[in-house]
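Please look through the sequence and the model below before reading on.

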Amino acid sequence: MTTNGHQPHDPPTKTGIRVVIVGAGFAGLTAAIECHRHGHTPIVVEKFPSLKPLGDIISFAPNSSRIFDRWPGVAQKLDPISLRPPGLTIKSFKGDTLYHQVWTEEETNWGLRFDGHRGEFHQIVFQHAVEHCGIDVRLGATVVDYFEDDNEAGVVLEGGEKISGDVVLAAEGVRSKGRTTVLGYEDAPKPSGYAVYRSWFSTKDTVAQDPELDWLVKNGDRHVAWLGPDVHFIAATLKNGEDISWVCTHKDDKDIGESWQWEAPLSDARKVLEGWEPNIQRILDRTPEPLIDWKLVYRDPLTTWISPKRRIALIGDAAHPFLPTSIQGASQAMEDGATIAVCLKQAGRGRVSEAVEVFEALRYERVKSAQKTGEQTRDIWHKADFGAAKKDPESFRLRREEWLLNFDAESYAEREYQRTVEVVREKGVLEARELHIPAGRYGYLEYNGSIEKN
Ligand SMILES: Cc1cc2nc3c(=O)[nH]c(=O)nc-3n(C[C@H](O)[C@H](O)[C@H](O)COP(=O)(O)OP(=O)(O)OC[C@H]3O[C@@H](n4cnc5c(N)ncnc54)[C@H](O)[C@@H]3O)c2cc1C
């Protein structure tokens with residue numbers, strides 16, 4: 001049985017709602033699995049011709065792990081390949097320990113986090129969608145256009161084939177074509193001024209062989225962040241110390257490309273990390289060439305995520321790209337999928353466009369608040385005054401807030417649908433969004449103004 005009481009192979013009564021989903025990333029696959037769970041009929045089109053284990057470390061917080069929990073067997077597969085350290089140690093670039101943050105209370109009260117290899121996690125979720133749920137996922141299908149009218153919406157594939165349904169979810173990531181359809185203009189990304197060098201490799205014959213570095217793998221997993229002037233470096237060992245991942249966020253204004261496959265030589269990272277403590281230099285000595293060079297782009301929040309006829313919705317990164325310091329991009333993408341599936345069920349086939357409006361109203365302010373947390377953590381870490389901070393080490397801790405992490409998108413949508421749809425009908429989506437500003441000052445709680453202690 002799943003948590004909503006349905007047998008995994010026996011989804012609830014069919015709603016007759018056909019959902020066309022563009023993109024088989026975490027947003028698209030979650031939307032598909034959740035639509036299937038709620039009785040709709042999803043079809044997914046993905047431009048990649050085959051599944052490849054691309055990417056490196058990705059994080060899912062308790063607000064998304066509870067979505068995985070509802071998919072029989074998935075959390076059990078993710079757990080053994082997830083980062084399981086005793087906590088996060090925060091150090092200065094000179095090697096002094098500033099703070100050690102533990103997750104025990106959060107895990108007990110709100111649920112586990114799953115941090116691990118994006119490609120490995122993606123494969124597990126993909127298999128669940130296809131093999132367990134039997135969802136129709138078409139690989140090698142690139143969407144080149146969208147259309148909608150009062151009765152249906154659809155996509156046009158390269159080659160001319162049209163696929164239509166009651167609603168389309170554009171989950172194509174940051175380079176979304178659906179975004180142009182929804183907004184009516186091209187929304188170009190801006191450089192954020194930062195980029196991330198990334199690496200993932202086996203510790204065998206590298207870090208584990210180095211007597212000065214084996215503390216990273218000896219007693220299981222470790223998670224350490226080093227902070228320097230406008231740079232941070234995070235290393236994590238996973239799978240009981242078998243693999244290591246590191247990321248280094250640094251200033252960069254050279255390019256604004258958004259690709260996970262660009263490379264950089266290790267020497268570029270060495271320049272950025274010159275003068276940093278010996279542990280960092282040793283990790284670099286053991287890192288294979290080349291690095292992934294991921295340019296972080298910034299986009300102003302979109303004015304809307306839904307199309308004029310309310311039959312196309314942007315979800316995941318297509319609607320709201322996140323900075324990695326928020327540690328929420330993938331979790332919010334999953335929340336979108338869980339939410340739209342509930343909205344469609346509550347509305348029924350005759351009122352799909354209303355479901356799309358309620359979806360935006362439920363999600364918009366919550367996502368905006370979550371995005372803000374990424375900027376705040378980056379600024380705290382990158383502009384640190386180490387002298388002053390030693391007197392107040394807690395100021396470095398990662399903010400882990402209950403409104404963000406102890407949240408269940410499915411039950412929230414179920415609970416809030418009715419009152420939201422009434423405001424949508426009476427006053428429109430903009431007014432209805434205001435019902436869902438997270439509790440606290442402007443929804444950002446301690447992220448606004450000075451940092452208050454809990
Ligand atoms: C290859 C890859 C590697 C990544 N690696 C990491 C990582 O290591 N760490 C991390 O934190 N985040 C990573 N991300 C980003 C991360 O997955 C997302 O930020 C987050 O999970 C939100 O997912 P999403 O589904 O909205 O977008 P994405 O994960 O970007 O998925 C979008 C999907 O849409 C498909 N698509 C795009 N255009 C079309 C089109 N026209 N027609 C059909 N399909 C289309 C893409 O091929 C992709 O599969 C990666 C993304 C990708 C695509």
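Two strands are said to pair if DSSP finds at least two bridges between them. The strands themselves (E, at least two residues) and the helices (H or I, at least four residues) are DSSP runs, numbered from the N terminus. Residues are numbered from 1 along each chain as its sequence is written. This is a predicted model, in which local features need pLDDT of at least 70, side-chain atom pairs count only at pLDDT 80 or more, and totals for chains, interfaces and linings use all residues.

## Strand E13 and its partners

Strand E13, residues 223-228, pairs with strand E14, residues 231-238, in the antiparallel sense over six bridges, and within this pairing leucine 227 stands opposite histidine 232 in E14. The hairpin of E13 and E14 has two residues between the strands, and aspartate 230 there takes a positive phi near 60 degrees. E13 also pairs with strand E4, residues 88-92, this time in the parallel sense and over four bridges; here leucine 227 of E13 is the bridge partner of serine 92.

A residue is called buried if 20 or more other C-beta atoms lie within 10 Å of its own, exposed if 12 or fewer do, and partly exposed in between, with the C-beta atoms placed from the backbone. By this rule six of the six residues of E13 are buried, so the strand is largely enclosed by the rest of the structure. In a regular strand the side chains alternate between the two faces of the sheet. Both faces of E13 are covered, with His223, Ala225 and Leu227 buried on one side and Val224, Trp226 and Gly228 buried on the other.

Another antiparallel pair is formed by strand E9, residues 153-157, and strand E10, residues 162-165, over four bridges. Valine 155 stands opposite isoleucine 163 in E10, and in the hairpin of these strands, which has four residues between them, glycine 159 takes a positive phi near 105 degrees.

## Single residues

Most residues other than glycine have a negative phi, and most peptide bonds are trans. Against that background, aspartate 205 has a positive phi of about 65 degrees although it is not a glycine, and isoleucine 327 has a positive phi of about 50 degrees, again without being a glycine. A cis peptide bond, with omega about -20 degrees, joins glutamate 289 and proline 290, and proline 290 is found in the loop between helix H8 (278-286) and strand E17 (291-298).

| Residue | Burial class | C-beta atoms within 10 Å |
|---|---|---|
| Cysteine 248 | buried | 24 |
| Isoleucine 327 | buried | 23 |
| Serine 369 | buried | 22 |

Aspartate 205 is found in the loop between strand E12 (190-202) and E13, whereas isoleucine 327 lies in the loop between strand E18 (312-314) and H9. Cysteine 248 is found in strand E15, residues 243-251. Two residues are in contact if their C-beta atoms, placed from the backbone, lie within 7 Å, and, leaving aside its neighbours within four places in sequence, cysteine 248 is in contact with Val196, Tyr197, Val231, Phe233, Ala269, Val272 and Leu273. Serine 369 has its place in helix H10, and its C-alpha atom is separated by 7.5 Å from that of proline 438, 69 residues apart along the chain.

Helix H9 (residues 329-347) has 19 residues and reaches 27 Å from its first C-alpha to its last, close to the 27 Å expected at 1.5 Å a residue, where the expected span is 1.5 Å times one less than the number of residues. Glycine 348, whose phi is positive and near 80 degrees, follows H9. Helix H2, residues 62-69, is mostly covered as well, with seven of its eight residues buried.

## Domains and ligand

The domain assignment, which is automatic or from a database, gives domain 1 (18-83 + 112-187 + 301-386 + 400-435) and domain 2 (190-298). Their C-alpha centres lie 29 Å apart, and the contact takes 15 residues from domain 1 and 18 residues from domain 2.

Around the ligand there are 30 residues, of which Gly23, Gly25, Gly55, Gly173 and Gly316 come nearest; a residue counts as near if its C-beta atom, placed from the backbone, lies within 6 Å. Helix H1 (26-37), strand E2 (41-46), strand E3 (57-60) and H9 each supply at least two residues of this shell.
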